Amino acid sequence: YAKLRGKNRVERYQQRYDELLRRRGTLEAELRHAIDREQLRLVFQPVVALPSMRPVGAEALLRWTHPTLGAVRPDEFIPVAEESGLINRIGAWVLEQACIQLAEWLSRGHDVWVSVNLSPKELHSTDYAGQVADVLDRHGVPPQRLVLEVTEHAVATDMEELISRLAELRATGVRIALDDFGAGYSSLGQLRTLPVDILKIDHALVAEPESRTGTAAPLVDVVVRLGHRLGLEVLAEGIGTPAQRAVVEEAGCRLGQGSLFGWGVPAEHLEAQLRTLRPNTTRPMQAPRSAP
Ligand code: C2E
Ligand code: MG
Ligand code: MG
Ligand code: MG
């Protein structure tokens, strides 16, 4: 009887495994055409200055809506893109679209920067820095307006190689953010040697104060201070409640992102937000009132 149960379990695993493989195969085949069939789009999540909550930038986040599969989450399809090699084409598309949008915002007088997520694979592709410089140049975007986010996962690979790739990128004038810091991959020592400009504290650290009051706030505090001591800007991700915002602000963090300030939205929605926050430029300048 035990043998039979064991066999059933193995069969169930096998079945699940087959399903996963099939799903993966489908995603890969469909992702191949996603750009040409115009199924991809970017949304932009505001980054705000703290404590003023004024938007100062936005993170471009990729969305894939398939006619029959529906919305597929980036956490599911980005790994597929990475493993199949499709990430280079997709990443190039993301960078281009983000720069087009950024150029448009800048041309309308918005003082913002845009950040784009980068897969380790892209970073290590031949002359990636050259490609970035080319895109910026074609769209007339000043390099300081672009932030490239590398995740902690990239740090697990060859450090020397990573440092030289990041240094090349930075030499073009773009800024580098270390994404998801504190999620558990890179060490404090590595942080010191990496050529980065912005430290993004992972939402897991930021979310903790809600669940275990009093234990995680010191962690946020330490990471913010560490970042500042290393001369980095520090941005707290995934701020979803006023309590979390308070912890982050008390730690001295001056940049925030999260559902409390807004989820990723189409570019025109974010622009509406930018416009209302610049009251002196939304209306034409008032002429000095003359005496009646
Ligand atoms: P990420 O770069 O760390 O992006 C932040 C993720 O947190 C986004 O998920 C965002 O929607 C979500 N988020 C924002 N505010 C909150 C909040 O208050 N609470 C919680 N719980 N989550 C929040 P999303 O868009 O599903 O993206 C997931 C990941 O997929 C990203 O994590 C990034 O690593 C990757 N990704 C997204 N777009 C791209 C892309 O264009 N290229 C590459 N290579 N990776 C991308
Ligand atoms: Mg990111
Ligand atoms: Mg992140
Ligand atoms: Mg992430």
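The model is predicted: local features need pLDDT of at least 70, side-chain atom pairs count only at pLDDT 80 or more, and totals for chains, interfaces and linings use all residues. Residues are numbered from 1 along each chain as its sequence is written, chains are lettered from A and ligands numbered from 1 in the order in which they are written, and side-chain values use heavy atoms, with hydrogens and water left out.

**Overall build**

The protein has 13 helices and nine strands; these are DSSP runs numbered from the N terminus (helices H or I, at least four residues; strands E, at least two). Of its 292 residues, 41% count as buried, where buried means under 20% relative accessible area, exposed over 50% and partly exposed in between (1.4 Å probe, protein chains only). Among contacts with a separation of 6 or more, 68% are between residues 24 or more positions apart; a contact means heavy atoms within 4.5 Å.

**The magnesium sites**

Donors are N, O and S atoms within 2.8 Å of the metal (3.2 Å for Na, K and Ca); water is not among the atoms, so sites may look incomplete.

| Ion | Donors | Distance | Spacing in sequence |
|---|---|---|---|
| magnesium ion (ligand 2) | E59 (OE), N117 (OD1), E149 (OE), D179 (OD) | 2.0 to 2.2 Å | E-x57-N-x31-E-x29-D |
| magnesium ion (ligand 3) | D179 (OD), D180 (OD), E237 (OE), E237 (OE) | 2.1 to 2.4 Å | D-D-x56-E |

D179 coordinates both ions, which lie 4.0 Å apart. Because E149 lies in strand β5 (residues 146-151) and D179 in strand β6, this pair ties together parts that are 30 residues apart in sequence. Both E149 and D179 are buried.

At the magnesium ion (ligand 3), coordinated by D179 and E237 among others, E237 comes from the loop between β8 (233-236) and α11 (242-250), so D179 and E237 tie together parts that are 58 residues apart in sequence. E237 is buried, as is D179.

**The largest pocket**

The largest pocket has a volume of about 1,200 Å³. Of its 36 lining residues, E59, L61, P74, D75 and N117 are the closest to its centre. Elements that give two or more residues to the lining include β1 (40-49), β2 (55-66), α3 (87-107) and β6 (175-181). By class, the lining has 14 nonpolar, 12 polar and 10 charged residues; Ala, Val, Leu, Ile, Met, Phe, Trp, Tyr, Cys and Pro count as nonpolar, Asp, Glu, Lys and Arg as charged, and the others, Gly among them, as polar.

On a 1 Å grid over the protein atoms alone, a pocket is an open set of points where a 1.4 Å probe fits, with protein on both sides within 12 Å along at least five of seven lines; lining residues have an atom within 4 Å of a point. Grid points are joined across faces, edges and corners, and the volume is the space filled by probe spheres set on the points.

In α11, the buried residues are Q244, V247 and V248. They cover an arc of only 95° around the axis, which puts them on the same side of α11; the arc is that of the directions from the helix axis to the C-beta atoms. P242 and E250 are exposed on the other side of α11. G252, with a positive phi near 95°, follows α11.

V196 is found in the loop between α8 (188-193) and β7 (198-201), and counts as buried at 4% relative accessibility. Not counting residues up to four places away in sequence, V196 touches L166, R170, I176, L178 and L232. The C-alpha atoms of V196 and L178 are separated by 6.6 Å, although the two residues are 18 residues apart along the chain.
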